[in-house]
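Biologist: Hi! Could you walk me through this model before I set anything up?

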Amino acid sequence: MRKCFSTLICLVLFSLAMIAQIPASGPYLIKAGKFYDAEKNVFLKDQEILVEGNSIKAVGSKLTIPKGTTVINLSNATVTPGLIDLHTHLLMSQRLEDNLAADVLLHSSEYRVLRAAGYAQSYLQSGFTAIRDLGNSGQYLDLEVAAAIRRGFIPGPRMFTSGPILSAMDGQFYQLPLKEQEKITHLEYRVINGVDDAVLAVKEHVNNQVDVIKMVAFGERMGLTLDEMKAIVKTAHEYGKKVTAHATTDNIITQALAAGVDGIEHGYYITDSTLEKMVRQGVYLVPTDVSLQGGIEREEAMHKKDHDTVELKKMLQPLTDRLTKARQKGVTIGAGSDAYFDLRISRGDDAKQTLAAYFEEGMPAADVLKTATWNAALILGRKNDIGVLRPGAKADIVVFNGDLETNFKKVLFDVRLVIKDGKVVHQ
């Protein structure tokens with residue numbers, strides 16, 4: 001027993017020593033036991049990654065190693081590009097039993113920004129080196145957090161922002177007193193009043209340098225008109241911005257597609273014909289699905305201790321059916337968690353439960369990773385820059401303990417090392 005324990009300690013120390021060899025400056029070479037090629041969507045063995053500065057210089061087997069290069073042997077690990085979450089709400093946290101408006105009413109902007117700093121770090125620790133934040137972030141607080149990360153004030157992933165969501169007068173708040181409804185909604189959303197105002201709202205967002213326009217096709221009581229949505233999309237495209245729509249049911253998704261949106265968020269209930277229309281129009285889907293463990297975590301947060309997993313699986317089955325059909329039709333799928341609940345697990349690990357959900361819903365490990373790497377980067381307009389390990393790409397790299405291909409759900413939550421811009425940000 002003592003010998004086994006000593007061996008374990010030696011292995012741990014050896015692993016830490018290997019990681020510690022990554023230099024603060026100068027080139028280094030990672031020897032990966034298992035390597036995920038996001039572009040080809042395959043796992044490869046015995047690949048090497050040469051990193052110089054903040055980018056990848058070369059990838060392959062038996063690379064020529066420049067003089068002075070530090071070599072890091074990670075033969076028992078899986079190396080992937082940094083993960084990307086396309087649907088986050090870094091500025092929001094809600095108990096499951098609370099109204100969606102609770103956070104904006106109970107917490108100051110300063111509180112929400114400071115809390116978001118912790119969430120941003122947890123994303124890094126879970127292996128996410130890029131996120132797209134889609135509103136519920138006050139009036140452009142997401143841009144403040146993104147700027148703080150970019151300037152090195154706080155650790156966090158690359159952050160793509162939407163600013164306040166464009167919506168009808170009620171946003172996504174429900175059961176608010178009528179006399180308070182409009183005032184409260186304006187704190188969190190950009191309320192649209194007619195076609196001309198829709199055009200103005202997009203220009204405001206572009207002027208504030210958002211990365212994407214997010215709109216709620218239908219809120220709690222009413223939605224944007226088709227003409228308003230068309231005006232949003234037309235104006236956004238004129239300024240080179242994509243538009244993604246919160247849309248959950250088929251009739252709403254159909255309206256958003258008629259307006260010309262680039263993406264659908266959630267899309268819980270979609271018919272075959274609508275999926276086919278998405279393929280024809282080149283519209284992506286971000287399925288914010290819940291894993292079995294994610295469902296249990298939500299029940300725990302509601303103080304429910306006895307979990308009926310059979311019933312949970314039955315509740316989640318419609319998500320599986322929708323994802324399966326979307327894959328069969330050829331819809332481009334990007335990973336997005338919609339993580340905003342106050343749970344016992346970290347925000348970053350809650351986000352990864354969505355990847356676990358895709359796996360439970362029948363996606364092979366490689367296809368799951370593609371949604372959170374190659375596809376996600378494509379949706380962000382950052383193809384060949386992030387979400388892939390190839391020469392010229394950013395050195396955003398995640399190292400997982402073990403074989404991610406054969407033991408996906410366990411190894412996914414065992415992050416050994418995270419590199420962003422060529423620098424170790426978590427180990």
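Modeller: Happy to; we can start with the whole chain and then go to single residues. This is a predicted model, where local features need pLDDT of at least 70, side-chain atom pairs count only at pLDDT 80 or more, and totals for chains, interfaces and linings use all residues. Residues are numbered from 1 along each chain as its sequence is written, and side-chain values use heavy atoms, with hydrogens and water left out.

Biologist: Great. How many helices and strands does the protein chain have?

Modeller: There are 15 helices and 16 strands. Both are DSSP runs numbered from the N terminus: helices are H or I with at least four residues, strands are E with at least two.

Biologist: And what is the radius of gyration of the protein chain?

Modeller: The protein chain has 22 Å, which agrees with a compact globule, because 427 residues would give a value near 22 Å. That radius is taken over C-alpha atoms, and the globule rule is 2.2 Å times the number of residues to the power 0.38. Along its principal axes, the C-alpha trace spans about 70 × 50 × 45 Å.

Biologist: What share of the residues counts as buried?

Modeller: Of the 427 residues, 56% do. Buried means under 20% relative accessible area, exposed is over 50%, and partly exposed is in between, with a 1.4 Å probe and protein chains only.

Biologist: Switching topic: how many aromatic pairs are there?

Modeller: The structure holds five. One of them joins Y36 and F43, tilted, at 5.4 Å centre to centre with 50° between the planes. Y340 and F341 make another tilted pair, at 4.5 Å and 35°. Here the rings of Phe, Tyr and Trp (its six-membered ring) pair if their centres lie within 6.5 Å; planes under 30 degrees apart are stacked, over 60 edge-to-face, and the rest tilted.

Biologist: Are Y36 and F43 buried or exposed?

Modeller: Y36 and F43 are both buried, and Y340 and F341 are buried too.

Biologist: Which residue lies over the face of Y119?

Modeller: That is R347, at 3.9 Å from the ring centre. The rule asks for NZ of Lys or CZ of Arg within 6 Å of the ring centre and within 35 degrees of the ring normal.

Biologist: Last one: where is V191 found, and what does V191 touch?

Modeller: V191 is in strand β9, residues 189-191, and counts as buried because its relative accessibility is 5%. Leaving out residues up to four places away in sequence, V191 touches S167, A168, M169, T185, H186 and D197, where contact means heavy atoms within 4.5 Å.
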